[in-house]
Structure formats: structure tokens, C-alpha cells
Amino acid sequence: MDYAVSLSLIAPEIILGVSGLLLLLVAAWGGDKGARVISIAATIALGGAFALVAPAVCGGWSGPDTLAFGGQFRADAFGGLAKLMIFASAGAALVVAPRFFEWSGAMRAEFPILVLFATLGMSIMVSAADLVTLYIGLELNSLAAYVLAAILRDDERSAEAGLKYFVLGALASGILLFGMSLTYGFAGTTNFGGIAVAVSDGLSTGQLFGLTFVLAGLAFKISAAPFHMWTPDVYEGAPTPVTMFFASAPKVAAIALLARVSLEAFGSQSLAWQQIVIFAALLSIVIGALGAIGQQNVKRLLAYSSINNVGFILIGLATGTLAGASAMMVYLAIYVVMTVGSFVAVLLMRDAEGNPVEGISDLAGLSTTRPALAWALMALMFSLAGIPPLFGFWGKFVVFQAAVQADLIVLAAIGIAASVIGAFYYIKIVKVMFFDEPAGTVTGKGDTPHWALLLICGVLVSPLGYLLTGWLGGLADMAAASLAVAF
């Protein structure tokens, strides 16, 4: 084994790990007074990792040359594209967090460090080529995420969110570990390539149970129904920058990992897992759409929106084709932009004293009192609903197109019909902002980083985003092609 080559392939992870450890020492010596400096340093580390990953994505890296540490880690274009989304989402969370925590007087030096370690875990997850690597990355991410959810120790909602996330996350990890144990026992290996060889002639009963438990454990991590029960409570209770982070980066990591396990390890037996993925996709779409209708809190509504969007993303995976994997990555990229923009808009919703405003009724007449925020939020809501000509429509279009090409016409038709139902609660927010009498609650002003992020997301989800379709589609195609799919 050439360790020099392996170390060069994990250079982004080394940057994140070393930066996290060094900043942890700075935090231990300097305390919370250096929190803002640590946040800036953590953002720079993410930028460095982003720059190192970009060549793998643009060059379409694939094949044996991307394997590190004897096949434990795969630094290919698929993992690279997912990492770019993860790093960008984590960077956005670090940009908006200091101002939020300063408003509440709870900025802690540990926050950016926990984000770095969670990002490191996710980076390992999306490049995992072995069940052991998968579990190490997933648990590194989860342990940091549990603390992030409960980082406001004096806030009952944050403490409750952290506790729920920890208990249910531990249950999901147990289910996943049991599935991994079954897979290892009946396949004789934990390596994805070895598993693919072991199941090439068909799945035994034990291997099928192992696959089912692994998919169930990963479904929790992406908050796909029926394993979505933690999402609304955790999203509502966690601090808004943390919720923005949870709704974007870990979602990308878990979906990319799910795709890698399904297509690399069990690609030759797609009929076995397709039924599970289709069931989870349809249930997520329906529950996400119906569950959001009665919500009165914006963050809970966005939680159900994320469940709904996961269902659409899973349609791309359900095809079991390269086109479906590519469409899934395109949708994920657009979803990250829409999610970050939506939560930045929520962060800008403050009253005159700077207190967060999360009630949908408090948005009444926002177009009169804060027109720029109202119009930006309207564009993001319509994009999440998939209404043309906004860019969110393109994500749904490529996913449904891949489903039709894979002869899953009924699945595509149900997805299209359900997306119409889901549009109701997005339009409800727009109606409250533009047609109800002004409540006069949201009167606080935001700062420059928030508005800059909101402007970037607003431009990307606008019709101008379609200028990126060729470039984004090309990157997604190369990423999908780098997967060792057994067709």
C-alpha cells in the first residue's frame, strides 16, 4: 500500500481534521472571546478543502486510482461533488451563525469546531468504499451533530431537540450497525466491491435482511418517511443556523452515501432495493406535503418541506441508472441553494428588539413592511414548490425525466401529482406575506452577510440559474459515471 498516494487523496480531510484540532486548542486557551476568529479560521479551512476537491469533480476522477488505504476510501468525482455541496453548506452556516448567537448572547467557540468535525465525518461518509469507513464517518458526524442541536444549554427547546436527536439517532445507528453485521456475515467482506461480487449471483435471505436494515438506518439520516419523526421537533428546537446546517449538509452526505451503497455494493441487485426506495420516496412525498399544511411555525414547515424534497430525490435513486444518479445530484445541488436561502430568510425575520420571529402569522403583510425580504422569500418558496420559471422546477424535471426513461412512469406521475399538493403550503406563505393585513412584527434589520447570502441564493434560484444547467449537468454526469455501477 502506497501511503503517500493515500494521504494525497485524503488531503481535504486532513485539512479539516488538523484545523479542527488546532482550533480546539485555541478555543481551550482563549475561551468564547475568540469565537468569531475561530469561525473565520474554520471557514478558511473549508475553503481550502473545497479548492482541493474541485479538481476531482471537474476532472471526473474515477477508477482504481481514486482508491486509498486498500480500498477503504474512494476520492472520486461522485464523492467530490457531494463534498463541494457539504463544504458550501457548512461555510454558509458559519457565516450566519456569529450574528445569530451574538443576538442571543450565546456564541460559543465550540460551534465552528463542531461544524468542522461534523463536516469531516460527512466528507468521509461520501467517499466511503467500505462499511467500516461508512460507520466511522457517520458516527463522527452524528456525535458532533447531537451537541450542535443542544448547544443552547439554557434553551429548553434546544435541549429537547438535542435529546430527541441523540436517542433516535442512537437507535438508527444500532439498526444500521445490525444491518452491516448481517451483510458482513453473509457476504464475507465489508468492502463495497467485495459485497458486489458476493451478491452478483443473487441475494440470500441473510443478505436481503442486511440490505434492508442498512437502508432503514440510512433512511433515518436523510429523514425519509417512515423514519422522519425526529425532523420537525429537531428543526424547530435547534438554533436556526444549526437547523440550516442539518437541512443541507448532512442531507447531502446521507443521500450520497445511500446512493453509493445501493449502486456500488448492491447495484447488480437493484430490484431488491428499488421497492424499498420507491416506498420511502412516495411516503416521504405524501407525508411531507400533508404534514406541512397545518404547521404554524416556519421552521417546522421547512422540516416537512425537506422530507418532501427527499422523496423527490429518492425518485432519482429508484431508477437505478446513471441518468437517475445524475438527476439526483442536480436536484441535491439546487435543493442546497434553496434550503440555505430559505433559512437565511428565516434568520432575517426579527422583531424590533432582535428576537427571532418564527410564526407564519407574524409574516402577515411582510411585503409592505419588508418588501425585499418578502420578495426573496416568495422566490424561494415558489422554487421549492417547483413552479417554473424558477430553478427549482429544473430539479424536479430532471428527476421525473430520469424516472420516465427508466420506465417508472407511474412513479413519475404520482410524484408530479403530489408536487401539486405540496405547492399549497408554499403558496400559503406567499398569500400571508402579500395579501394579509400587516402584523408589524418583523421589523428588525439584518446584517450584510445575511443579505449577501440571500442575494446569492435568490439569483441562483431565479431564471438566471438555468444558465448553469449545462455546467451542472456535466458535473453530475461525470459524478454519476464515476460510480462503479453493476448494470
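This report describes the nonpolar cores, a nonpolar surface patch and one annotated span of a predicted model.

## Nonpolar cores

The largest nonpolar core of the model holds 172 residues, and those with the most contacts inside this core are F245, F246, L314 and L363. Helix α14, which runs over residues 322-347, supplies the largest share of this core, namely 19 residues. Apart from this core lies another one, made up of 5 residues, including L9, I10, A68 and F73.

For F246, one of the residues with the most contacts inside the largest core, the surroundings can be listed by name: when neighbours within four places in sequence are left aside, F246 is in contact with A145, L148, A149, Y165, V234, Y235 and K251.

## Nonpolar surface patch

On the surface, a nonpolar patch is formed by Y3, L7, I14, V18, L22, L25 and W29, which together have about 760 Å² of accessible area. Both α1 (3-9) and α2 (11-30) supply at least two residues of this patch, and α2 gives the most, with 5 residues.

I14, a member of the patch, is found in helix α2. Its relative accessible area is 35%, and I14 is therefore classed as partly exposed, since that class lies between the limits of 20% for buried and 50% for exposed residues.

## Annotated span

In the model, the span of residues 128-422 is 77% helix and 0% strand, and its end C-alpha atoms lie 34 Å apart.

Conventions. Residues are numbered from 1 along each chain as its sequence is written. This is a predicted model: local features need pLDDT of at least 70, side-chain atom pairs count only at pLDDT 80 or more; totals for chains, interfaces and linings use all residues. Side-chain values use heavy atoms; hydrogens and water are left out. A nonpolar core is a set of buried Ala, Val, Leu, Ile, Met, Phe, Trp, Tyr and Cys residues joined through side-chain atoms within 4.5 Å. Buried means under 20% relative accessible area, exposed over 50%, partly exposed in between (1.4 Å probe, protein chains only). Helices (H or I, at least four residues) and strands (E, at least two) are DSSP runs, numbered from the N terminus. Contact means heavy atoms within 4.5 Å. Patches are made of residues with over 30% relative accessible area and no salt bridge: like charges are joined within 9 Å, nonpolar side chains (Val, Leu, Ile, Met, Phe, Trp, Tyr) within 5 Å. Accessible areas come from the Shrake-Rupley method with a 1.4 Å probe; for residues, only the protein chains shown count as cover. A salt bridge is a side-chain nitrogen of Lys or Arg within 4 Å of a carboxyl oxygen of Asp or Glu.
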